[in-house]
Amino acid sequence: MTQPQVLISEVGPRDGLQSVKATMPTADKLRWIDALVAAGLREIEVGSFVPARLLPQMADVAEVVRHALTRPGITVMALAPNLRGAEAALAAGVHKVTLPVSASAAHSLANVRKTREAMVEEVRAVAHLRDAQAPGMLVEVGLSTAFGCTLQGEVPEDDVIWLASLCAEAGADEVGLSDTTGMANPAQVRRLFMRLRAELGAKAGAAHMHNTRGLGLANCLAAYDVGVRTFDASLGGLGGCPYAPGASGNVVTEDLVFMFEAMGIDTGVDLERLMAARAPLQVGLPGEPVYGMTPEAGLPKGWVQR
């Protein structure tokens, strides 16, 4: 079986669910994840190892991980904001842990109450833990606010590359760039990912784009054009930027898959099954807005997925 040309990393069960007020019942989460797996998604961020008092939406994360690990052929990923969270993620058996490191100094203090340099040391500690106890587990860093910050404003590109290099040196297997507040544009995306790939080589990671200002797909295509092959997305655009109420946040998985497949770029994801996966999401979060132009319009007449 041939490998798909791009990897779509589904982040809805983590980034999506922790961005909404309601808490999805565990049974509905498990049905949703099963539907995502059935659609052909091969990497799913299933939750976040944070204190339940801070994010009650993630209180069942260990149970969700255990369930996801029974599904063959997928990479089970979870977010951990620090060493303690990574210890819990490792104990649960995740395949990959992702750490949020802010390119913006102001956002770092607001989001994790640590300086950027302190977060690099968290990355180093997690990498040491991985080396000692679970050599097969991957450590990923998502550089948030890499394209701009609602608190700080402009984030110098030199800061982004400097921080990415420090994270890679500290032991991260991959370092990706996140457009946390939907401020990126395609020219900026091409420029910064080219610099990242020149600096880190094979350790340059995923593009995590938001659609807050309508440029999500354009920014994903810009990243693809300069060699990025892993893209984060959220079914129905769930979650995303809390600074733009009423706006779609994360790039919609359905629209991203359709764009690539329509271009003849294999994602390995079955679009019909992917759109069917919206049903368990909507059952588990009744009344929560979901987005997506492709599900709304339907597939073009006569269009057949390869």
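This is a predicted model: local features need pLDDT of at least 70, side-chain atom pairs count only at pLDDT 80 or more; totals for chains, interfaces and linings use all residues.

Tutor: The protein chain comes to 13 helices and eight strands.

Student: What makes the radius of gyration of the protein chain agree with a compact globule?

Tutor: Set the value against the rule. For 306 residues the rule gives a radius near 19 Å, and the protein chain has 18 Å, so the two agree. Along the principal axes, the C-alpha trace spans about 50 × 40 × 40 Å.

Student: How much of the protein chain counts as buried?

Tutor: The share is 56% of the 306 residues. The cut-off for that label is under 20% relative accessible area. Among contacts with a separation of 6 or more, 74% join residues 24 or more positions apart.

Student: Why is strand 2 called largely enclosed?

Tutor: Count its residues. Strand 2 covers residues 43-48, and six of the six are buried, so the rest of the structure largely encloses it.

Student: What makes strand 2 and strand 3 a pair, and in which sense do they run?

Tutor: The criterion is at least two bridges. Strand 2 and strand 3 (residues 75-79) have five, in the parallel sense. Gly47 stands opposite Ala78 in strand 3.

Student: How many bridges join strand 1 to strand 2?

Tutor: Two, again in the parallel sense, with strand 1 at residues 7-10. The criterion asks for at least two, so strand 1 and strand 2 count as a pair. Here Glu10 stands opposite Ile44 in strand 2.

Student: How do you know whether Ser108 is buried or exposed?

Tutor: Its relative accessibility is 1%. Buried means under 20%, so Ser108 counts as buried. Ser108 lies in helix 5 (residues 105-112). Beyond its neighbours within four places in sequence, Ser108 is in contact with Ser102, Arg113, Lys114, Thr115, Arg116 and Met119.

Student: Now the aromatic rings. How many aromatic pairs does a search of the whole structure find?

Tutor: Four. One of them is Phe147 with Phe193, at 6.4 Å centre to centre and 40° between the planes.

Student: Why is the pair of Phe147 and Phe193 called tilted?

Tutor: Take distance, then angle. Centres must lie within 6.5 Å, and under 30 degrees would be stacked, over 60 edge-to-face. With 6.4 Å and 40°, the pair qualifies and is tilted. Phe147 sits in the loop between strand 5 (138-144) and helix 7 (157-169), and Phe193 in helix 8 (residues 186-200), 46 residues apart. Both Phe147 and Phe193 are buried.

Student: What makes the rings of Tyr224 and Phe260 a tilted pair?

Tutor: Their centres are 5.5 Å apart and their planes stand at 55°, so this pair is tilted. Tyr224 lies in helix 9 (residues 216-225) and Phe260 in helix 10 (residues 253-262), so the pair ties together parts 36 residues apart in sequence.

Student: Why do Tyr224 and Phe260 get the burial label they have?

Tutor: Tyr224 has 15% relative accessibility, so it counts as buried. Phe260 has a relative accessible area of 0%, so Phe260 is buried too. Tyr224 and Phe260 also share one aromatic cluster with Phe231.

Methods. Residues are numbered from 1 along each chain as its sequence is written. Side-chain values use heavy atoms; hydrogens and water are left out. Buried means under 20% relative accessible area, exposed over 50%, partly exposed in between (1.4 Å probe, protein chains only). Helices (H or I, at least four residues) and strands (E, at least two) are DSSP runs, numbered from the N terminus. The radius of gyration is taken over C-alpha atoms; the globule rule is 2.2 Å times the number of residues to the power 0.38. Contact means heavy atoms within 4.5 Å. Rings of Phe, Tyr and Trp (its six-membered ring) pair if their centres lie within 6.5 Å; planes under 30 degrees apart count as stacked, over 60 as edge-to-face and the rest as tilted.
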